[in-house]
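These are my notebook entries on a structure that I looked up for the first time. I set down what I looked for and what I found.

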Amino acid sequence: MHENVNLLDPDLFPRGSGPPHEVFNEWRRDDPVHWNPPNPDYPPPGRSLPTRGFWVLTRYEDVAKVSRNQRIFSSHTGGPIIWDFEGEQLERQQAGIMGMTLERHRKVRRLVVPPFTRGELEAFQPDIDAVAREIVDEVAGAGECEFVFDVASKLPVYTFCSLTGVPPEQREMVAKLGNLNADVENWGSPEEGDLLMGLFQMAAGITEEKRQRPDDSLMSRLANAEMDGESLDPLTLNMFFVTMSIAGHETTRGTAAHFIRLMNEHLDQYDMVCSDPDRYLPNAIEEVLRYAPPVVKFRRTVTEETELRGRKLKVGDKIYLSYPAANRDPEMFPDPDRFDITRENAARHLAFGIGPRACIGARLARMQLFSLLKEMIARIPDVRHGEIERMRSIWFDAIIRMPVTYSAETS
């Protein structure tokens, strides 16, 4: 019935106003380890990167099982994303925290984790709250704004720059380059990819600055850390900076936009959230992440012959972990297509991954979302969105434009 659906079609999500859940339901039921062939029209003209076919996992149990087993299903071999990199490009992917060998990943993660622990984040909370107030201050009196970039994107950019030690005058460039990283399907020309090196150059400059003048920032900690008696190499530091600029930005921004969209579509549940944000908002955020995960997939590569639900998988085969599909698996989430902010197990979603490669910034993302959305609920609770524009992407279910209106706050 859906034999022509190809997940390498960047127009698939925008065309259907989100992930193709009817297709995922069919695959989950009849073909849970589904073969997705190459797309002859992808990559776009002017891009030479080939993309082979891959196996798509749509059941929660399978996505979790494969995510946890790095020995057979590697994030390092082939890298963590679905493109087929070779040579220097593959080395870059394998140097990033998502693509390192598991042993190296564990060591680097120990260096990276401290700023994301509960204690350090609690100390950071007042700054997050203050910036959330400033963001809402800027729009509350206008009665309308473009939510994605006027509101949703600002807090994660501030947070990323504060954590990594990026000076305030470079925040706008971080936002621009981070967005460019995420929006690769819409580059006007291959040369636009050269701009990505701007993040490498920024990371290198910050690394040198922090070695000369150390502080408490994350990049300073990494720049001055040693692992196995040696400093971290420049490629590892650069790729960590690039990964954080995308992951920390896109996930939080996208979830905030989906929150507004879903609350508009379920006003009875929004009324519940508004009645007691401290009680209902945390789980409402989890349900938004389950229902509309902003990152739609990661890749694993098979390292030894194995079998999954009767499918024989060969060495080198690619596995596509579908988070939107897994998050709608009825075996984990009863009545999964129902949006329910009181769902008891909503937090078991896979929007932040699972296993050794799970997102290190998940707690921070939740903290930012709660702070920003609670401020909005208190100040401009009647926010309503207009026509939504979605990103053309095989990577993200991202809203890139969402005009909103609301009662202007009066002083």
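Predicted model: local features only at pLDDT ≥ 70, side-chain atom pairs only at ≥ 80, totals over all residues.

Which residues in α10 meet which residues in α12?

**Entry 1: a helix pair.** I looked up the contact and found that L199, F200, M202, A203, A204, I206, T207 and R211 in α10 meet L235, L237, N238, M239, F241, V242 and S245 in α12. I then sorted this contact by class: eleven residues are nonpolar, three are polar and one is charged. For the geometry, I placed α10 at residues 197-212 and α12 at residues 234-265. The two helices pack at an angle of about 115°, and their axes are 9 Å apart. I recorded the crossing of α10 past α12 as right-handed.

**Entry 2: a sheet.** I turned next to the strands. An open sheet is formed by three strands, in the order β4-β14-β11, with antiparallel pairing. I asked which strands stand at the edges. They are β4 (144-146) and β11 (384-385); each has a single partner strand, so one side of each is left without a neighbour in the sheet. I followed the pairing of β4 with β14, which covers residues 403-405, and found three bridges joining these antiparallel strands. Within this pairing, I traced C145 to its bridge partner in β14, V404.

**Entry 3: aromatic pairs.** I looked up how many aromatic pairs there are, and the count comes to eight. One of them is formed by W35 and W55, with 4.9 Å centre to centre and 65° between the planes, an edge-to-face arrangement. I located W35 in strand β1 (residues 33-36) and W55 in strand β2 (residues 54-57), so the pair ties together parts that are 20 residues apart in sequence.

I then took up W83 and F85. Their ring centres are 5.9 Å apart and their planes stand at 70°; planes over 60 degrees apart count as edge-to-face, so this pair is edge-to-face. I checked accessibility here as well, and both W83 and F85 are buried.

Terms used. Residues numbered from 1 in each chain as written. Heavy atoms only, no water. Pairing = 2+ DSSP bridges. Helix = DSSP H or I, 4+ residues; strand = E, 2+ residues; numbered from the N terminus. Axes fitted to C-alpha atoms, helices over the stretch in contact; angles between N-to-C directions. Left-handed = near helix turned anticlockwise from the far one by under 90°. Contact = heavy atoms within 4.5 Å. Nonpolar A, V, L, I, M, F, W, Y, C, P; charged D, E, K, R; others polar. Phe/Tyr/Trp six-rings, centres within 6.5 Å; stacked < 30°, edge-to-face > 60°. Buried < 20%, exposed > 50% of the residue type's maximum accessible area, 1.4 Å probe, protein only.
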